[in-house]
Amino acid sequence: MSFEVIGCQIMHFGPHRAIPGRVTGAVRVRIREGFMGTTTEYSLDLKVKADCNYATSDKVRQSLLAHAAHQLNKLKTRHSEKLPAAAE
């Protein structure tokens with residue numbers, strides 16, 4: 001099984017409605033996955049957040065992409081875990 005990230009794009013972001021200093025947004029990730037000889041490409045929209053008071057737009061974007069990367073690493077770990085084989 002293969003799992004690779006093809007691309008990443010910030011769809012939108014803005015201040016959180018209730019928590020001052022927090023920014024929320026969405027990141028669209030393109031993924032290519034191979035399983036049993038079949039390759040599938042799909043997009044995945046991730047909700048992201050970052051706590052950055054008075055940061056520049058570039059820093060906010062970097063923080064949101066870092067949160068998306070953290071979520072993708074957790075997903076990739078779950079996909080790559082080896083399932084136990086049945087005893088014969």
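Select Glu-41 and Arg-32. Their side chains form a salt bridge, with the closest N and O atoms 3.0 Å apart. Keep in mind that this is a predicted model. Why can such a pair form? Side chains of opposite charge can pair when their charged atoms come close.

Now check how open each partner is. Arg-32 is partly exposed, at 28% relative accessibility. Glu-41 is partly exposed as well, at 43%. Both values fall between the 20% limit for buried and the 50% limit for exposed.

Where do the two residues sit? Arg-30 belongs to strand S2 and Glu-41 to strand S3. They are 11 residues apart, and the pair links distant parts of the chain. Color Arg-30 by accessibility: with a relative accessible area of 32%, Arg-30 is partly exposed.

How many salt bridges does the whole structure hold?

For one of them, select Arg-22 and Asp-51. Their side chains meet in a salt bridge at 2.7 Å, N to O. Arg-22 is in strand S2, and Asp-51 is in strand S3, which spans residues 38-51. The two are 29 residues apart in sequence, so this pair ties together separate parts of the chain. Is Asp-51 buried or exposed? Asp-51 is exposed, because its relative accessible area is 59% and the cut-off is over 50%.

Last stop: Thr-24. Find this residue in strand S2, which covers residues 22-35. Thr-24 counts as partly exposed, at 27% relative accessibility.

Now show the surroundings of Thr-24. Which residues does Thr-24 touch, leaving aside those up to four places away in sequence? Pick out His-12, Phe-13, Gly-14 and His-16, then Val-48 and Lys-49.

Finish with a distance. Select the C-alpha atoms of Thr-24 and Lys-47. These residues are 23 apart along the chain, yet the two atoms are separated by 7.4 Å.

Technical notes. Residues numbered from 1 in each chain as written. Predicted model: local features only at pLDDT ≥ 70, side-chain atom pairs only at ≥ 80, totals over all residues. Heavy atoms only, no water. Helix = DSSP H or I, 4+ residues; strand = E, 2+ residues; numbered from the N terminus. Buried < 20%, exposed > 50% of the residue type's maximum accessible area, 1.4 Å probe, protein only. Contact = heavy atoms within 4.5 Å. Salt bridge = Lys/Arg side-chain N within 4 Å of Asp/Glu carboxyl O.
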